[in-house]
Amino acid sequence: GGFTLARRLNKDLYDVRVISPANHFLFTPLLPSTAVGTLEFRAIQEPVRTIEGLGHYYQAKARDIDSTKQIVTCQDLYKGVKFDVEYDYLVVAAGMKSNTFNTHNIERLEGVVVFFLKHLFHARQIRNRIVECFERASNYTIPAVQRDRLLTFIVVGGGPTSCEFMAELHDF
């Protein structure tokens, strides 16, 4: 939504600025296809800087909004420096974070044996892990029980992303 609005706003009337930690926007319905290699990562992303007439792009996180002073306090992604961006009109297009429901050890195991699928880097992690498991399973010296373990994938969640990913993995 935020990307579409930033593209469609009349830049002759508005100085459009984007604050986002990601320098691209995703077509998320195709994210599962990138995790198994059906599509390449670049096929589902659109760089922020391709927005014609964009006033400024800040690769940062919005940390606070002062609606009285009309200021967004941001934090730079790389050095952690905080800075303010003034606004006349503000649109908040917040992304989403996976809800783990406080499941024990999920945060500690994320990226090791637990993978989410919300961002491009998640899809890359999953693709790398799948390829690693297939390569390790192809080693003729490992026992059958270990091969079966390496070729067993568990997907938690019954939403559209999980279902689409399972279909893509099955076809892989």
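A salt bridge is a side-chain nitrogen of Lys or Arg within 4 Å of a carboxyl oxygen of Asp or Glu. R17 makes one with D15, where the closest N and O atoms are 2.8 Å apart. Keep in mind that this is a predicted model, in which local features need pLDDT of at least 70 and side-chain atom pairs count only at pLDDT 80 or more, while totals for chains, interfaces and linings use all residues. Residues are numbered from 1 along each chain as its sequence is written, and side-chain values use heavy atoms, with hydrogens and water left out.

**The sheet**

- Four strands make up an open sheet, running in the order β1-β4-β5-β6 with mixed pairing. Strands here are DSSP runs of E with at least two residues, helices are runs of H or I with at least four residues, and both are numbered from the N terminus. Two strands count as paired if DSSP finds at least two bridges between them.
- β1 (17-20) and β6 (82-86) sit at the edges with a single partner strand each, so one side of each has no neighbour in the sheet.
- On average, neighbouring strands of this sheet are turned by 55° against each other, direction ignored. For such angles, axes are lines fitted to C-alpha atoms (for helices, over the stretch in contact), and angles run from 0 to 180 degrees between N-to-C directions.
- β1 pairs with β4 (residues 56-66) in the parallel sense over four bridges, and S20 stands opposite Q59 in β4.
- β4 and β5 pair the antiparallel way, over six bridges, with D66 opposite I71 in β5. These two strands form a hairpin with four residues between them, and Q70 in the turn has a positive phi of about 55°.
- β5 (residues 71-76) is also antiparallel to β6, over five bridges. Q75 has K82 in β6 as its bridge partner.

**The nonpolar cores**

- A nonpolar core is a set of buried Ala, Val, Leu, Ile, Met, Phe, Trp, Tyr and Cys residues joined through side-chain atoms within 4.5 Å. Buried means under 20% relative accessible area, exposed means over 50%, and partly exposed lies in between (1.4 Å probe, protein chains only).
- The largest core has twelve residues, including L31, F41, L120 and F165. Helices α2 (31-36), α4 (120-137) and α6 (160-171) each supply at least two of its residues, and α4 gives the most, with four.
- Which residues does F41 contact, leaving aside its neighbours within four places in sequence? They are T34, L120, A123, R124 and R127, where contact means heavy atoms within 4.5 Å.
- There's also a second, separate core of eight residues, F3, A6, V18 and V48 among them.

**Salt bridges**

- The structure holds four salt bridges. Side chains of opposite charge can pair when their charged atoms come close.
- R17, the partner of D15, is partly exposed at 42% relative accessibility.
- R127 and E40 meet at 3.8 Å, N to O. This pair links distant parts of the chain, with R127 in helix α4 and E40 in the loop between α2 and β3 (45-47), 87 residues apart. R127 is buried at 17%, whereas E40 is partly exposed at 37%.
- E132 and R129 meet at 3.0 Å, N to O. They are three residues apart in α4, so about one helical turn separates them. Salt bridges with shared partners join R129, E132 and R136 into one network.

**An exposed loop residue**

- V91 sits in the loop between β6 and α3 (106-109). Is V91 buried or exposed? Its relative accessible area is 54%, so V91 counts as exposed.
- V91 and V16 are 75 residues apart in sequence and 10 Å apart in space, C-alpha to C-alpha.
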